[in-house]
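Here is a short tour of one structure, with a charged residue and a group of rings as its stops. Take a look at the model, then read on.

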Amino acid sequence: MRGHALLAACLLLVTSVAACGPEAGPADSLVARAVGANKLTIGIRFDQPGLSKRTVDGRYVGFDVDVAKYVASELGVDTDRITWHDSRPSTRETDITSGITDLMVATYSITEKRKQVVAFAGPYFETGQDLLVRLRSTDITGPENLNGRKLCAVGGTTSAEQVRDKFAQAVQLVEYPRYQDCVTALLAGQVDAVTTDDVILAGYVAQNPELLRVVGKPFSAEKYGVGLRKGDNEGRAAVARAIQKMISSGEWLASLNRNIGPSGYRIPPPPQVTEQ
């Protein structure tokens, strides 16, 4: 009887642990998954030149892609064992919490609201919100000039709302699924400006330097982090170490010079990495 009671207690303990939900224990940590399966699914954007873009021949290139590859390598996962997932701003949290992705490296700003749902390691880059306008729109010198004009941003972000709430209450907000859609609308004269982080906008200027410019007056402070499952302290610490190693090795700056430098964007100093 005693043996049966002990077995029942053990089964109850196992059932209780399994019912605890998505909190990542050691067996479910990013580190354990990377080692056990020798593969990772990483969320990036497919449409951000200089940061993360899927080329016509199927390659993935950009600074965020390099960060993702470096972190994966430090976790023991080779590049050919990475599955790349196109994560849009509106799905980044659910992509992480549902297990669709193991990591999120998608110009993902660290915020207190997001930290209630997911964990962050980093930051790995610091930037600020700015405006992309047509080269000849010299009368737009900042967000306060946008009253009565059309401002484009990507659905699921708060960039456009911040302009409206803080600088130009009469601005007309337009949303598209992707930044490239906003840029196309800007080039066609359908909107007057596009807003998001200046490093993202710089990539589009590099593609159309004779038509577009970044205003160059950032009006927010953003810190990009690597997102992963909330509660995975082991994984978060491992990713933070990988980011710090990328910075100290010189590969962080080399990647930025290679991917962002040609746009003329002024590369900031490396951030102070924490686990968040």
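## Ground rules

Helices (H or I, at least four residues) and strands (E, at least two) are DSSP runs, numbered from the N terminus. Residues are numbered from 1 along each chain as its sequence is written. This is a predicted model, where local features need pLDDT of at least 70, side-chain atom pairs count only at pLDDT 80 or more, and totals for chains, interfaces and linings use all residues; side-chain values use heavy atoms, with hydrogens and water left out.

## Arginine 92

Arginine 92 sits in helix H4 (residues 92-97). Arginine 92 is buried but has no salt bridge. Buried means under 20% relative accessible area (1.4 Å probe, protein chains only), and a salt bridge is a side-chain nitrogen of Lys or Arg within 4 Å of a carboxyl oxygen of Asp or Glu. The nearest side chain of opposite charge belongs to glutamate 93, 5.3 Å away.

Leaving aside residues up to four places away in sequence, arginine 92 touches Ser87, Met104, Ala106, Thr107, Tyr108 and Arg114; contact means heavy atoms within 4.5 Å.

## Rings around tryptophan 252

The whole structure has 10 aromatic pairs. Rings of Phe, Tyr and Trp (its six-membered ring) pair if their centres lie within 6.5 Å; planes under 30 degrees apart count as stacked, over 60 as edge-to-face and the rest as tilted. Phenylalanine 63 and tryptophan 252 pair edge-to-face, at 6.3 Å centre to centre and 80° between the planes. This pair links helix H3 (residues 63-74) with helix H10 (residues 251-259), 189 residues apart.

Phenylalanine 125 and tryptophan 252 form a tilted pair, at 6.5 Å and 40°, and both are buried. Phe63, Tyr124, Phe125, Tyr224 and Trp252 make up one aromatic cluster.

Definitions and conventions
Buried means under 20% relative accessible area, exposed over 50%, partly exposed in between (1.4 Å probe, protein chains only). Lys and Arg count as positive and Asp and Glu as negative; His and the chain ends are not counted.
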